[in-house]
Amino acid sequence: MCNSSRRGKGIRERKESCMNIEREKACAQMISTGYYTSKKSDEICEDDCDEQASPSSVTMSRLRCFLHGIDFRVIFVFLLIAPAAVFTIYCHGQKLTYFLRPLWESPPKPFIPLTHYYNQNVSMETLCKLHGWGIREFPRRVYDAVLFSNEIDMLTIRWKELYPYITQYVLLESNSTFTGLPKPHNFAIHRDLFKFIEPRLTYGEIGGRFQRGENPFVEEAYQRLALDQLLKVAGIEDDDLLIMSDVDEIPSGHTIDLLRWCDDIPPILHLQLRNYLYSFEFQQHQLSWRASIHRYQKGKTKYAHYRRTDYLFSDSGWHCSFCFRHLSDFIFKMKAYSHSDRVRFSRFLNPKRIQEVICKGGDLYDMLPEEYTFRDIIGTMGPIPHSLSAVNLPSYLLENADKYKYLLPGHCLRECR
């Protein structure tokens, strides 16, 4: 009996020893993997299985066990960090998209730049020869066709610059913006200011479609198609020169004079324009290229504002974007033109903010530069540097500097209206 009892006791001790060893191994493994729980927590959870406990104590015990198993760091992430991240993306997501642009969009095919020779003291025959072109016995007719919104001053400067070389001015305006907002016929209201071109003017009006919520480029294409029809009314013929550009994309007069006199010029040329923002004080790094000039071909030439050829005629004029006299005109254009989706916050339309941005040379939409390499994005970030140069600007602008002072360096303040 004693021996049997001792043997049984020895077996139990060995079993308990083995169990202790197993527990230690399990505990060590749990600690190393981050899933260790204390003996106290085990006891709390074990209470849930205690048949002697009252229902209320079981409920509380289970609640304590549930709360003990929650990782409060995860809750902190979802309640604080996650909303903050969403808010940051909402406010600055567009910047992030533009900064990462080199990862998802390749740069467009480069243009083939053509050297532009000019000096006022050099004969036209010599200039044409320098470009590899012949000279005509008489100049081509030139048509300048524009869609008009509200840029009265820029239209005046444009038409004064081109006046000696234009056969027919063609202007179309609508009672609707590209975004479907109603607007007055601003040119018709101010038509008396343009009596100097009246004998050479073909003017047309078109009713807006007022499709609110539609892509603005659809309305823009609709109006440009109507301008095609107005050109036919104006009497354009084959081999006439047709200038396709927005009002604020102004070809220099000597560029148009050269192209109307020279023979064998390319059928389509994009015009490289010096790019300015707000006034001729802020010259942007990017050069404007959308303006173009065409040797008209009936049934083939269509009025458009996108890339049509690989040839780019260097230093051919000026593009002065958002060059308005009144702060209200800035607000109107921001809501009216095809990129109105960039107005992401109502504060962008605050006149005080707009005035501050103009004088600083900043971006009205708080955007990063539209570039295709990280080097170019970083290199052009920040405000546009101020320039004190007013050399080689449109002659009518300089001759009437007092009237258009807001377009010249050192005069960034705008009028309220």
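Reply: Two strands pair if DSSP finds at least two bridges between them. Helices (H or I, at least four residues) and strands (E, at least two) are DSSP runs, numbered from the N terminus. This is a predicted model, where local features need pLDDT of at least 70, side-chain atom pairs count only at pLDDT 80 or more, and totals for chains, interfaces and linings use all residues. Residues are numbered from 1 along each chain as its sequence is written, and side-chain values use heavy atoms, with hydrogens and water left out.

Me: What makes β10 and β13 a pair?

Reply: Four bridges join strand β10 (residues 274-277) to β13, and at least two are required. The two strands run parallel. One of the contributing positions is asparagine 275, whose bridge partner in β13 is histidine 319.

Me: Why is strand β13 called largely enclosed?

Reply: Buried means under 20% relative accessible area, exposed over 50%, partly exposed in between (1.4 Å probe, protein chains only). Five of the five residues of β13 (residues 317-321) are buried, so the rest of the structure largely encloses this strand.

Me: Which residues of β13 show that both faces are covered?

Reply: Gly317, His319 and Ser321 are buried on one side, and Trp318 and Cys320 on the other. For the protein chain, 42% of the 417 residues count as buried.
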